[in-house]
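Here is a chain to walk through with the model open beside you.

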Amino acid sequence: MAKTELNTKQKTEIDDRSSLKGTLASVFFLGIFIIVTWVSVYYLFVDRF
Amino acid sequence: MHMHKLERIWLIFGTSCLVIFLTVIGVSAFYLGNKPPSCLTTVNPETVGQEKPFNEPGLHKVDGKDWEYELVFVASTFSYSPAQVEVPLGAKVKVIATTKDVIHGFEVAGTNINMMLEPGYISEYTTTFNKAGEYLIVCNEYCGAGHHLMYSKIEVVK
């Protein structure tokens, strides 16, 4: 009879060495661009009557 | 759940931006009471000229309201009535406008007053005219052959 492998001590390896620094930088680059444009338009709205 | 450290950082950043933007809109709408200029107040477009307040376009002083003046405008192809109006500096004014015929725009260039005028509906905007100068009102909804000739003027004077 086939033996189930439920109790194996094998662990799934997660590869955490991939660098996401470039992704983080581009996310923040885009995010800050959106914030700056949003804030400047909002300032324009508040400043006008 | 496994999540990369940097991934967590940008998710927090993105989510907090969304929360902040939505909070600003919520405060503006529910606390400051900002709303679209047309709030379902209706008028018969065929008898606009006889009905109050549109029978007397122009600036009127009012008492006992949150604003000091009412500025009434009637738009029609291809002009605004009145064609020119003077508003005292610092006056809190409710701009009330509608149209007799087709859809017109009502944009006071360089200000936040920018409404669509739809036949049968009254558009309103309350503001304080706190900067002196001459402001051009233009139609920004294409209304026909004379669309580009349609304008009026508000002079904010001391």
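**Starting from one histidine**

Find H147(B) in the loop that runs between β10 (133-138) and β11 (151-157) of chain B; strands here are DSSP runs of E, at least two residues long, and helices are runs of H or I of at least four, both numbered from the N terminus. This is a predicted model, where local features need pLDDT of at least 70, side-chain atom pairs count only at pLDDT 80 or more, and totals for chains, interfaces and linings use all residues. Residues are numbered from 1 along each chain as its sequence is written, chains are lettered from A and ligands numbered from 1 in the order in which they are written, and side-chain values use heavy atoms, with hydrogens and water left out.

Is H147(B) buried or exposed? With a relative accessible area of 16%, H147(B) is buried (under 20% is buried, over 50% exposed, and partly exposed in between, using a 1.4 Å probe and protein chains only). Setting aside neighbours within four places in sequence, H147(B) is in contact with F78(B), C139(B), N140(B), E141(B) and Y142(B), contact being heavy atoms within 4.5 Å. There is also T77(B), 70 residues away along the chain, whose C-alpha atom is 7.7 Å from that of H147(B).

Now for two prolines. K52(B) and P53(B) are joined by a cis peptide bond with omega about -5°, and P53(B) sits in the loop between β1 (38-42) and β2 (58-61). Another cis bond links S81(B) to P82(B), with omega about 0°; look for P82(B) in the loop between β4 (79-81) and β5 (84-88).

Zoom out, and chain B turns out to have one helix and eleven strands. The C-alpha trace spans about 70 × 35 × 30 Å along its principal axes. Of the contacts in chain B with a separation of 6 or more, 62% are between residues 24 or more positions apart. Buried residues make up 38% of the 158 in the chain.

How far can you trust the picture? Chain B averages a pLDDT of 93, and 100% of its residues score at least 70; pLDDT is the predictor's confidence in each residue, from 0 to 100. The model as a whole scores ipTM 0.75 and pTM 0.79.
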